[in-house]
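User: I am new to this structure and would like a short tour. Could we look at the model together?

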Amino acid sequence: MGSIWVGGGTLIAWSSLVAVAGFAKVPVRELVRKSFIPVVLGLIISTIFGLIFL
């Protein structure tokens with residue numbers, strides 16, 4: 001996931017978010033605002049897990 005956020009995969013991640021927001025009939029900014037903390041926590045936890053156990 002980290003590589004998506006820092007490189008060329010950014011368009012892929014955002015396009016799926018826009019599609020989900022459109023399907024759920026929720027504003028994209030609202031979905032981003034509510035998803036930010038869980039997504040960042042998941043990235044941090046998976047990075048720590050990978051550093052410790054792999």
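User: To start, how many helices and how many strands does the chain have?
Analyst: The chain has three helices and zero strands. Helices (H or I, at least four residues) and strands (E, at least two) are DSSP runs, numbered from the N terminus. Read from the N terminus, the order of the elements is α-α-α. This is a predicted model, in which local features need pLDDT of at least 70 and side-chain atom pairs count only at pLDDT 80 or more, while totals for chains, interfaces and linings use all residues. Residues are numbered from 1 along each chain as its sequence is written, and side-chain values use heavy atoms, with hydrogens and water left out.

User: Where is confidence lowest, and where is it highest?
Analyst: Confidence, given as pLDDT (the predictor's confidence in each residue, from 0 to 100), is lowest in helix α1 (residues 2-6), with a mean of 60. It is highest in α3, at 86. For the chain, the mean pLDDT is 78, and 74% of the residues reach 70 or more.

User: What share of the residues counts as buried?
Analyst: Of the 54 residues of the chain, 6% count as buried. Buried means under 20% relative accessible area, exposed means over 50%, and partly exposed lies in between (1.4 Å probe, protein chains only). The accessible surface of the chain is about 4600 Å², and 77% of that belongs to carbon and sulfur atoms. Such areas come from the Shrake-Rupley method with a 1.4 Å probe, and for residues only the protein chains shown count as cover.

User: Now the charges. How many salt bridges are there?
Analyst: The structure holds two salt bridges, a salt bridge being a side-chain nitrogen of Lys or Arg within 4 Å of a carboxyl oxygen of Asp or Glu. Glu30 pairs with Arg33, with the closest N and O atoms 3.2 Å apart. Lys34 also forms a salt bridge with Glu30, and there the closest N and O atoms are 3.6 Å apart.

User: Where do these residues sit in the helix?
Analyst: Glu30 and Arg33 both lie in helix α3 (residues 28-53), three residues apart, which is about one turn of the helix. Lys34 and Glu30 are likewise in helix α3, four residues apart, about one turn of the helix.

User: What does the side chain of Ser35 reach?
Analyst: The side chain of Ser35 reaches the backbone oxygen of Leu31 at 2.9 Å. Ser35 is placed in helix α3 and is partly exposed, at 26% relative accessibility.

User: Changing topic, which residues make the nonpolar surface patch?
Analyst: The patch, of about 840 Å², is made by Ile44, Ile48, Phe49, Leu51, Ile52, Phe53 and Leu54. Patches are made of residues with over 30% relative accessible area and no salt bridge; like charges are joined within 9 Å, and nonpolar side chains (Val, Leu, Ile, Met, Phe, Trp, Tyr) within 5 Å. Leu54 lies in the segment after α3 and counts as exposed, at 84% relative accessibility.

User: How many aromatic pairs are there?
Analyst: The count comes to one aromatic pair. Phe49 and Phe53 form this pair, which is tilted, with 4.8 Å centre to centre and 45° between the planes. Rings of Phe, Tyr and Trp (its six-membered ring) pair if their centres lie within 6.5 Å; planes under 30 degrees apart count as stacked, over 60 as edge-to-face and the rest as tilted. Phe49 and Phe53 both lie in helix α3, four residues apart, about one turn of the helix. Phe49 is partly exposed at 48% relative accessibility, whereas Phe53 is exposed at 58%.

User: One last point: which residue has a positive phi although it is not a glycine?
Analyst: That residue is Lys25, whose phi is about 60°. Lys25 is found in the loop between α2 (10-24) and α3, and at 76% relative accessibility it counts as exposed.

Methods. A polar contact is a pair of N or O atoms within 3.5 Å; within protein, one must be able to donate a hydrogen and the other to accept it, and residues adjacent in sequence count only if both atoms are side-chain atoms.
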